[in-house]
Amino acid sequence: AFFIAMVQSFSHNIYLQMYLSMFLIVGLIMAESIVRPSIHDQVNNVSIALKIAMLMFLIFATSFIDVEGIDMAPHRVLFAWLLVNLTIIVAVFVFAYVFHALYVRFWTSQAAKGIRTSCTTRDV
């Protein structure tokens, strides 16, 4: 919460505040997925899922900003480039996270252990 408050104080431009908040949340998600601060995996997974939901909310919230009082001419291309890249980064991270979770679930299940054992020890 402290870092998000610091991001809000850097600039008066709402787009810059939102994009910096998005990059901060992406960094927090990546750090939390590596460090796994809680001893319970389910707590870590829920925390990461909630941060991803908050990130998606911020991405879609940029569509509803009132731009009447903001001079967007010099920043329009930069903001579009940032939004596209941030969406791609989030999508890649979400797909990688889901595929990794499915792989770990399959690989550590009792059925998978039985299948691996039967395939590696059979006589042909």
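**Residues in their surroundings**

Tutor: Let us begin with glutamine 17, whose place is in helix 2, the helix that covers residues 14-35. Keep in mind as we go that this is a predicted model.

Student: Is glutamine 17 buried or exposed?

Tutor: Glutamine 17 is buried, because its relative accessible area is 12% and the cut-off for buried is under 20%.

Student: And what does the side chain of glutamine 17 reach?

Tutor: The side chain of glutamine 17 reaches the backbone oxygen of glutamine 8, at 3.0 Å.

Student: Now asparagine 44. Where is it?

Tutor: Asparagine 44 has its place in helix 3, residues 41-61, and counts as buried because its relative accessibility is 1%, where buried means under 20%.

Student: Which backbone oxygen does the side chain of asparagine 44 reach?

Tutor: The side chain of asparagine 44 reaches the backbone oxygen of serine 38 at 3.0 Å. Not counting residues up to four places away in sequence, asparagine 44 touches Glu32, Arg36, Pro37 and Ser38.

Student: Back to helix 2, then. Which residues is phenylalanine 23 in contact with, leaving aside its neighbours within four places in sequence?

Tutor: Phenylalanine 23, which lies in helix 2, is in contact with Leu82 and Leu86 once those neighbours are left aside. Phenylalanine 23 and leucine 86 are 63 residues apart in sequence, while their C-alpha atoms are 7.7 Å apart in space.

Student: Why is phenylalanine 23 called partly exposed?

Tutor: Phenylalanine 23 is called partly exposed because its relative accessible area is 35%, and that class runs between the limits of under 20% for buried and over 50% for exposed.

Student: Switching to the surface: which residues make the nonpolar patch?

Tutor: The nonpolar surface patch, of about 600 Å², is made by Phe2, Phe3, Met6, Phe10, Leu16 and Leu20. The elements that give two or more residues to this patch are helix 1, residues 2-10, and helix 2.

Student: Which helix gives the most to the nonpolar patch?

Tutor: Helix 1 gives the most, with 4 residues.

Student: And leucine 20, where does that lie?

Tutor: Leucine 20 lies in helix 2 and counts as partly exposed, because its relative accessibility is 30%.

Key
Residues numbered from 1 in each chain as written. Predicted model: local features only at pLDDT ≥ 70, side-chain atom pairs only at ≥ 80, totals over all residues. Heavy atoms only, no water. Buried < 20%, exposed > 50% of the residue type's maximum accessible area, 1.4 Å probe, protein only. Polar contact = N/O pair within 3.5 Å; in protein donor to acceptor, adjacent residues only side chain to side chain. Contact = heavy atoms within 4.5 Å. Patch = residues over 30% accessible without salt bridge, like charges linked within 9 Å, V, L, I, M, F, W, Y side chains within 5 Å. Areas by Shrake-Rupley, 256 points an atom, 1.4 Å probe, with all protein chains shown as cover. Salt bridge = Lys/Arg side-chain N within 4 Å of Asp/Glu carboxyl O.
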